[in-house]
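Welcome, and please take a moment to look over the structure shown here. We will walk through it together, beginning with the whole chain and then turning to single places.

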Amino acid sequence: MSNQNYLNSLNTVQKDAVTTLNGPVLVIAGPGSGKTRVLTYRIAHILQSGISADRILSLTFTNKAAKEMQERIHSVVGASANGIWAGTFHSLFSRILRMEAHHIGYSTSFTIYDTEDSKNVLSALIKELNLDKETYQVNNLRNRISAAKSALVTPTMYEANAEFLKQDKAAGRPMIATLYRKYTERCKRAGAMDFDDLLYRLYELLQRNPENILDKYREKFKYVMVDEFQDTNHLQYAIIRKLVHFEGSSRNICVVGDDAQSIYSFRGATIQNILDFENDFKPFGIQVFKLEQNYRSSEEIVQAANVLIQHNTKQIQKKIWSHKGAGHKIKVIRSVSDSEEGKQVINTLTELRNRYHLSFSDIAILYRTNAQSRVFEEYCRRENIPYKVYGGLSFYQRKEVKDLIAYLRVIINPSDDEALKRIINYPRRGIGDTSIQKMLQMSAEKEIPLWEVVKVEGINNQKAPKLLKQFVEMILSFTEKKDTENAFDLATLAAKQSGLIDLLKADGTPEGVSKVENVNALLDAVKNFVDEDESDQLDGQLDKSLVSFLQSIALYTDMDDKEAGDETVTLMSVHSAKGLEFKAVFVTGLEENLFPSHMSMDTTEGLDEERRLFYVAITRAETFLTISYSLSRYKFGQMKYSEMSRFLEELPGEYLESTSPMRSNNRSVQTTSTVTGFAPNTRKPLSKMPDKFNAEDFKASPPETLSPGMTVLHQKFGIGKITKIDGGRDNRVATILFKDIDEPERRLMLKFAKLQIIPQ
DNA sequence: GTTGGTATCTGTGGA
DNA sequence: AGATACCAAC
């Protein structure tokens with residue numbers, strides 16, 4: 001075909017990966033190795049070979065990545081890229097499911113339950129079955145059900161599996177199988193799918209294969225590509241395999257991944273998929289390409305990352321090297337508190353920005369947990385630095401927004417119990433908890449959606465409370481209009497008639513005002529959706545329905561509207577930063593029990609994944625990498641000591657700034673620092689020690705009342721004797737000999753340490 | 001049925 | 001600290 005100039009900008013391996021179109025291909029792509037470029041050019045190459053766009057399936061992890069890819073393909077091949085199936089697993093599969101819904105007993109307008117909805121269903125079930133909610137924690141339960149689905153275990157299979165039952169019984173939770181079944185029934189009855197169902201139901205559909213549906217999609221998707229393959233789970237791979245791995249298939253599949261960047265095992269992702277892929281497709285001439293040249297980062301960053309990841313035992317061997325040469329060394333910042341960490345990070349950020357003329361959008365602050373964003377936000381505001389926090393609570397998860405969405409959901413799908421429960425008495429219309437409970441009970445007994453009960457009670461019941469009747473009539477009046485009015489008019493009507501807008505307007509507080517703004521913003525979003533003429537185009541069809549809007553926002557994350565032009569500093573979790581790059585990156589909170597997370601520290605596998613996460617974090621940086629940690633941090637309103645993360649010790653000293661405060665690397669700062677020895681190496685003794693000092697009768701004595709010779713109680717270290725106090729004013733440091741710990745002598749700063757005097 | 005106060009608890013990450 | 005769950009009083 002015509003223009004293949006794009007091939008000239010690729011290195012040899014990249015070119016091979018782009019041009020090997022037929023047969024199975026595995027690309028192992030290190031960070032910054034031009035993976036996106038390879039994927040886009042590959043698609044362009046397929047298109048230029050004369051394949052039409054709608055026969056290409058390209059699965060990515062985020063909508064943003066999909067969008068970016070679409071745009072880049074467009075810029076290479078123009079309009080012939082229209083109609084390509086590029087998107088996330090969840091969004092593309094939900095589209096297929098909508099088209100095929102009738103085959104699996106769902107309506108085209110099925111609802112997507114988000115995490116909150118799922119949890120509510122489970123809570124309700126636990127209550128109904130009179131189970132102890134301590135024993136059956138919803139989070140736990142949800143994870144277990146999710147894991148079951150991801151492992152292709154149906155409720156029936158679960159109930160028949162002696163091993164699962166035995167495990168659950170041993171754990172004192174014999175009802176999990178029942179809960180899984182009932183949860184599945186409830187979702188089905190509500191015409192709802194949770195996130196896992198979007199994958200699972202598709203698998204089920206392809207498996208059952210009604211009307212030879214499988215052949216249709218096998219025939220359709222001639223070329224399949226999967227990005228971030230290391231983060232797919234068993235279920236996702238099973239679907240992919242169904243689509244491409246069959247007798248007579250040309251098996252034109254290309255998966256791209258990096259085992260070193262696998263960070264989603266908590267939702268079932270497994271690098272086993274990479275190994276399985278190799279085995280499954282070996283008989284069919286699989287070709288493996290390794291992209292090892294890093295175009296993103298300086299040598300210091302790439303080398304530090306290489307050394308770090310060497311600490312993981314299991315990995316696919318590869319040597320990532322930088323073409324950029326040496327640059328700036330990695331800076332490490334230590335601070336005494338989380339607040340000071342915020343201050344120092346922002347100071348360093350400003351310094352860097354001024355000295356190297358960086359733009360705000362060149363800079364990112366990354367952290368392990370979303371809760372850490374607060375101090376950085378605070379100091380950004382203080383210093384007038386424009387910033388945007390990604391992740392955490394997205395716009396569509398705010399209460400007032402979800403409330404209006406719940407109205408829309410009920411209009412589209414009245415069986416959606418979770419949405420109905422949310423709005424039946426909001427705004428308050430006198431339908432109290434007692435009557436709601438009664439109706440819920442009836443719905444459970446008759447195994448029908450709540451709406452059916454509400455409708456009967458509200459309309460047919462002679463003694464129907466007037467208020468309930470009014471509610472039903474209102475909803476019915478909305479539903480009537482759903483086929484004639486457009487999505488925007490319908491949503492506006494619902495917002496007004498329900499009294500939602502008036503209720504929020506009546507609240508004059510700043511929060512109230514912002515809520516009104518958010519509801520209006522949602523209405524704007526609906527309007528945009530209706531007016532837009534390009535997006536959501538699939539196989540030539542434009543879908544402007546409210547259903548389509550609701551499904552798109554159910555899968556929306558605020559990462560999706562990250563624009564390159566935004567002149568703001570980026571604040572996000574390391575997980576969210578996957579796939580992104582910045583000139584300057586701050587990786588914060590490098591502390592034991594935080595990064596690595598205390599959740600993952602017990603097992604080698606857990607630790608390895610945390611290390612990969614840190615690997616992902618540092619390889620986001622192109623030129624400037626700064627790592628920070630703090631010696632104390634507030635957790636649940638309580639100050640806790642923390643110590644430097646083991647990962648910092650694993651970084652090679654030669655790539656760090658010489659002034660870096662690294663304890664074990666024996667740097668000069670260490671001996672002069674006033675805080676040295678203040679977060680001692682207590683890793684093992686601490687985790688082993690029982691929590692016996694956490695008694696609620698602990699009451700810290702005022703620091704000024706403490707003096708040498710006194711016996712004191714510390715919540716973690718236990719009972720000890722103060723041997724001396726030195727330092728002046730607000731920097732007084734006590735040396736205490738604790739009797740029950742391995743390294744008994746501790747130096748604690750009195751302004752931080754909570755000590756209770758034990759009278760002798 | 002509603003309101004407002006207090007007790008309780010938070011186990012990371014996210015489609 | 002901050003959200004949520006639960007309970008007593010209106």
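Chain A holds 30 helices and 25 strands; these are DSSP runs (H or I of at least four residues for helices, E of at least two for strands), numbered from the N terminus. This is a predicted model, in which local features need pLDDT of at least 70 and side-chain atom pairs count only at pLDDT 80 or more, while totals for chains, interfaces and linings use all residues. Residues are numbered from 1 along each chain as its sequence is written, chains are lettered from A and ligands numbered from 1 in the order in which they are written, and side-chain values use heavy atoms, with hydrogens and water left out.

Of the 760 residues in chain A, 53% are buried. Buried means under 20% relative accessible area, exposed means over 50%, and partly exposed lies in between (1.4 Å probe, protein chains only). The chain has an accessible surface of about 34,100 Å², and carbon and sulfur atoms account for 49% of that surface. Such areas come from the Shrake-Rupley method with a 1.4 Å probe, and for residues only the protein chains shown count as cover. Contacts, meaning heavy atoms within 4.5 Å, can also be sorted by sequence distance: among those between residues at least 6 apart, 73% join residues at least 24 apart.

Now let us visit two pairs of helices. Helix α12 (residues 234–244) and helix α13 (residues 272–281) have axes that come within 11 Å and cross at roughly 20 degrees. Axes here are lines fitted to C-alpha atoms, for helices over the stretch in contact, with angles running from 0 to 180 degrees between N-to-C directions. Angles under 35 degrees count as roughly parallel, over 145 as roughly antiparallel, 65 to 115 as roughly perpendicular and the rest as oblique, and α12 and α13 are therefore roughly parallel to each other. On the α12 side, His234, Tyr237, Arg241 and Val244 meet Asn273, Asp276, Phe277, Asp280 and Phe281 of α13. This contact of α12 with α13 has four nonpolar, two polar and three charged residues. In this sorting, Ala, Val, Leu, Ile, Met, Phe, Trp, Tyr, Cys and Pro count as nonpolar, Asp, Glu, Lys and Arg as charged, and the others, Gly among them, as polar.

The second pair is helix α17 (residues 399–412) and helix α22 (residues 487–497), whose axes come within 10 Å and cross at roughly 120 degrees. Leu404, Tyr407, Leu408 and Ile411 in α17 touch Leu490, Ala491, Ala494 and Ala495 in α22. The contact of α17 with α22 has eight nonpolar residues, no polar and no charged.

Is Gln551 buried or exposed? Gln551 sits in helix α25 (residues 546–554) and is buried, with a relative accessible area of 6%. Beyond its neighbours within four places in sequence, Gln551 is in contact with Ser94, Arg98, Thr108, Phe110 and Ile112.

Finally, some notes on the backbone. Most residues other than glycine have a negative phi, and most peptide bonds are trans. Tyr426 and Pro427, however, are joined by a cis peptide bond with omega about 0 degrees, and Pro427 lies in the loop between α18 (417–423) and α19. Another cis peptide bond joins Phe595 and Pro596, with omega about 15 degrees. Asn130 has a positive phi near 55 degrees; Asn130 is in the loop between α5 (115–128) and α6 (138–150) and counts as exposed at 71% relative accessibility.
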